[in-house]
Amino acid sequence: MNQPNLNFNYKYGFSMPQKYVFKAKKGLNEEVVAAISTMKKEPVWMTEFRLKAFGIFKEKNMPNWGADLSRINFNEIFYYIKPTNKQVNKWENLPKEIRETYDKIGIPEAEKKYLMGVSAQYESEVVYESVNKQLSKQGVIFCDMGMAVKKYPDIVKKYFGSVIPASDNKFAALNSSVWSGGSFVYVPKGIKVKLPLQAYFRINAEQFGQFERTLIIVEEGGYVHYVEGCTAPVYATDSLHAAVVEIIVKKGARVRYTTVQNWSKNVYNLVTKRSRVEEDGIMEWVDCNIGSQVTMKYPSCYLMGKRARGEVLSIAFSGKNQHQDAGAKMLHFAPDTSSRIISKSISKDGGRTSYRGLVQVRPGAKNSSVYVSCDALILDDRSRSDTYPDMKIKETDINVQHEATVEKLGEEKLFYLSSRGINKTESEGLLVNGFIDPVAKEIPLEYAIELNRLINLEMSGSVG
Amino acid sequence: MAVLIDLNKEKADILKFTRPGDYVVFFHNLSGEFTFSLNSTGINVDIFGLYIGARSSDFVIRTKQHHVSSETTSNLLIKGVFYDDSRFNYQGLIRIENNAQKSHAYQKNQNITLSPNVFIESKPYLEILANDVFCTHGSTTGRLDQNQLLYLKSRRIEKEKAQSLLIEGFLGDLLRKVQEKIPQFDYNIKSYHKLAD
């Protein structure tokens, strides 16, 4: 029953020879920050923003809770690498290595199907980008963040850092000072973007931190679904990934943000994701964390307007040497707001999953309702599962519910499947996929298939 | 028969259970940090806490259900009713150590808020280091059930009376559960209720 650990050969763990136009020096100081800004030919206000954020970064302490981050050495990281000179919009024009890398992940196929806009991030700059003509006709803007700073300075200046200020936490400050790449999405009033917008991310340089910055603004009554998927090659030394995602959901608008995080198992993934939701707005985060060594990520919704709604659906999978410290935050500021958090986590082979959540009902948020449900599976006796939900309530006419369970795979279910001639490994894969199904079915099909396949791979053969 | 431990009288912070058997712990309006350590196979501990906050009462309570040995069960229920400017800060941890296989642990915190000025903080934590276990926790905070209030109103029971009936039912449920384990346990819910007056 107890087979040795599955030595899972990381599927996307290939690395390409590096070919760069510009690579910043290792380590971080004001010169590096200024150099990044100069290299990107940014306006003065952004340079100032970066330098100010760097000052905050130096002063901020590391978080004294959550996962173990003591092994991060900020001086051993390259903060900026620019892979090729200019952006290309045709697949054939991409450099050969980059094309090969993407081929292995299967981007072109995915695109052929029904991606309307693929914005693939290789290292720090978006190098491949195709935006459907119809999108532009509708007035929808979908481009990389660096370009947005130059092309749409008014919108960017108004919202950049408005949801997550640099002073929010150490990693938000770090991102604010050295960010590069990421997506900018602007959806005008009343426009509903029918197909999901997608961006693929990769890290391909040793000890290189990726600090993408995404800003999504959806005007009154608009709708967009943004999908972010990650894969990264394996390297021996630790890589740092500290993204910032800011979303503004205006009156009656709706935004869904789906992430399938599958960084290789040496990546520190420390991400700040937050949305501001106005009257009648709906924000939905679908967050799947499969990869990385350490993830700390708590997508949050600030429900500022009446009847605003927030939702987080989360899956975490921790194998050997992994710690997924993930969760959600819901802050109710206005009356009749509602939120729901569904979290499913699985730990195995000594992995650790922690659900960490915050629900806050502020005075005045009358008739608000909150529902939180966290289920955890522990698959062997070396693994660990934690649940840390905090609820702070300062209002009376409300309804806050939280429930959590931790258990192993049902023996009766396994027995039933074995009586139907299904072997143990397959049965376990089936049950784990069934366990996450309520969340997985919310993910676009091709990602759900990938997720299903990843879970089966992770499960195969090694469950004790 | 189960052994009753009245925490208000015991004045102990750490309760270490070392002999198999059934134990019932009861406390009311108690602030402090309490550890219930289950150190032998075959221990079942039921923990009941009752809180009525009124005026400016301020409760800060931490509980830890610590399962050290295998085949142990702990079951915690804390119910609170909060009026006026009262504050309730609860942090409950279930920790199941790697050796404590086949353990069951439950934790439930239910709060009723009766004034917009109350402040409730509920942190039900789990740390599970064993796989062959079953753990659940739940926490609810909210106003009285509006449907139940409406029903009583339709039976011409005035609002104040209806409210106190529902509160008595809510707290009485916990007391009955204690009585199921300890038949001689006797608490007058009415006298409790007066605390809030």
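## Exercises: strands across an A–B contact

Let's start with a pairing: strand E22 of chain A and strand E10 (residues 119–128) of chain B pair in the antiparallel sense over 6 bridges. Strands here are DSSP runs of E, at least two residues long, while helices are runs of H or I with at least four, and both are numbered from the N terminus. Two strands pair if DSSP finds at least two bridges between them.

A bit of housekeeping: this is a predicted model, where local features need pLDDT of at least 70 and side-chain atom pairs count only at pLDDT 80 or more, though totals for chains, interfaces and linings use all residues. Residues are numbered from 1 along each chain as its sequence is written, with chains lettered from A and ligands numbered from 1 in the order in which they are written.

**Exercise 1.** Work out how many residues each chain brings to the contact, and which strands of chain A are involved.

*Solution.* 
- Step one: chain A gives 31 residues and chain B gives 31 residues. A contact means that the C-beta atoms of two residues, placed from the backbone, lie within 7 Å.
- Step two: on chain A's side, strands E22 (384–393) and E23 (398–407) each supply at least two residues.
- Step three: sort that side of chain A by class, and you get 11 nonpolar, 8 polar and 12 charged residues. Nonpolar covers Ala, Val, Leu, Ile, Met, Phe, Trp, Tyr, Cys and Pro; charged covers Asp, Glu, Lys and Arg; the others, Gly among them, are polar.

**Exercise 2.** Is E10(B) enclosed or open, and why?

*Solution.* 
- Step one: set the cut-offs. A residue is buried if 20 or more other C-beta atoms (placed from the backbone) lie within 10 Å of its own, exposed if 12 or fewer, and partly exposed in between.
- Step two: 7 of the 10 residues of E10(B) are buried, so this strand is largely enclosed by the rest of the structure.
- A:Arg71 counts as exposed because it has 9 C-beta neighbours inside 10 Å.

**Exercise 3.** Find where helix H10 (residues 424–440) of chain A bends.

*Solution.* 
- Step one: H10(A) has 17 residues and spans 22 Å between its end C-alpha atoms, close to the 24 Å expected at 1.5 Å a residue. That expectation is 1.5 Å times one less than the number of residues.
- Step two: the bend, about 35°, is at A:Gly434, with A:Pro438 following within four residues. The angle is taken between axes fitted to the seven residues ending there and the seven starting there.
- Step three: the buried residues of H10(A) include A:Val432, A:Phe435 and A:Val439.
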